[in-house]
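Hi there,

Here is the structure I promised to pass on. Have a look at it first, and then read my notes below.

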Amino acid sequence: MKQTKKGSGVLFKVVVYLALILLTVSIIVPVGWVFMASVKQNAEFYGNPWALPAGLHWQNFVDAWVNARMGDYFLTSVLVTALSLAILLVVALPAAYVLSRFKFPGRKVLNTAFMAGLFVNVNYIVVPIFLLFIDWDRGLRSLVGTTFFLNNPAVLALVYAATALPFSIYLLSSYFITIPKDYEEAAYVDGAGYLRTMVKVIFPMARPSIITIILFNFLSFWNEYIISMTLMTDPGGARTLTVGLMNLMKAQNAAAQYGQMYAGLVLVMLPTLILYICVQKKLTQGMTLGGLKG
């Protein structure tokens, strides 16, 4: 009986390891191929697609950065993502702390509203948002002769932050609940107020959860396409990197500059890969620590 259980356990481990190996290969091979393709000359794409590049053709990145305006798109994405995260943290951290630590009239209503927001897919409401911004811009144009809401990276960042609030508040609140109130009571005894206790005591203790929120939302904001494409409609104006990449891919269908196109794809992927490698341990800790404490 013991031998049967032992044999079943070994077989289970083998199956799990094989599945993990296949999953790893299915991720690494496409990513590695894109990096390899980004330094190939255009003529090399008409031969064996799996052949190693004859040399490192770094001019692809220069052409993508300058000629295809990927540099401008990159800076716009950095601005929008950083501003979105700043707005999100400024709103979500105090909101999650208050909802999880204090009782006040309307608390259940707010919690229910934020929980309901988890089930709203922003892709379904992006058209109403777009139509609303058109009406507001039309009103502004009639009053002051200019527009504000469409083709504005700051407004796009505000929309990003608003769409990420329900999940962020839910995750942060779940973590804040696990922190014993003894720390706050000790801070109050030492003369700290609510704001100082929140900033100096609670937030540092919730650092793993905050890092998780930053990483998840960075990946979401950086790779977002539908909202940016809808709200940033000026072809010659500011565009995020994902929209710029899609425009580049459409343009390359005729020009067939594949090396330049894959170089643009690397520019989109590289920041997310670097960030994930740097904070992957904190990410795992932030997702599991709250449950372990509870």
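Let's begin with Asn151, which sits in the loop between α5 (122-144) and α6 (153-177); helices here are DSSP runs of H or I with at least four residues, numbered from the N terminus. This is a predicted model, where local features need pLDDT of at least 70 and side-chain atom pairs count only at pLDDT 80 or more, while totals for chains, interfaces and linings use all residues. Residues are numbered from 1 along each chain as its sequence is written, and side-chain values use heavy atoms, leaving out hydrogens and water.

Asn151 has a phi near 60°, a positive value in a residue other than glycine. With a relative accessible area of 31%, Asn151 is partly exposed (buried is under 20%, exposed over 50%, partly exposed in between, using a 1.4 Å probe and protein chains only).

Next, follow α6 to helix α9 (residues 207-223): their axes come within 10 Å and cross at roughly 155°. The axes are lines fitted to C-alpha atoms over the stretch in contact, and angles run from 0 to 180 degrees between N-to-C directions. That makes the two helices, α6 and α9, roughly antiparallel (over 145 degrees).

Finally, find Asn60 in helix α2 (residues 59-67). Is Asn60 buried or exposed? Asn60 is buried, at a relative accessible area of 6%. Leaving aside neighbours within four places in sequence, Asn60 is in contact with Ser38, Val39, Lys40, Gly259, Gln260 and Ala263.

Happy exploring!

Key: Parallel < 35°, antiparallel > 145°, perpendicular 65-115°, else oblique. Contact = heavy atoms within 4.5 Å.
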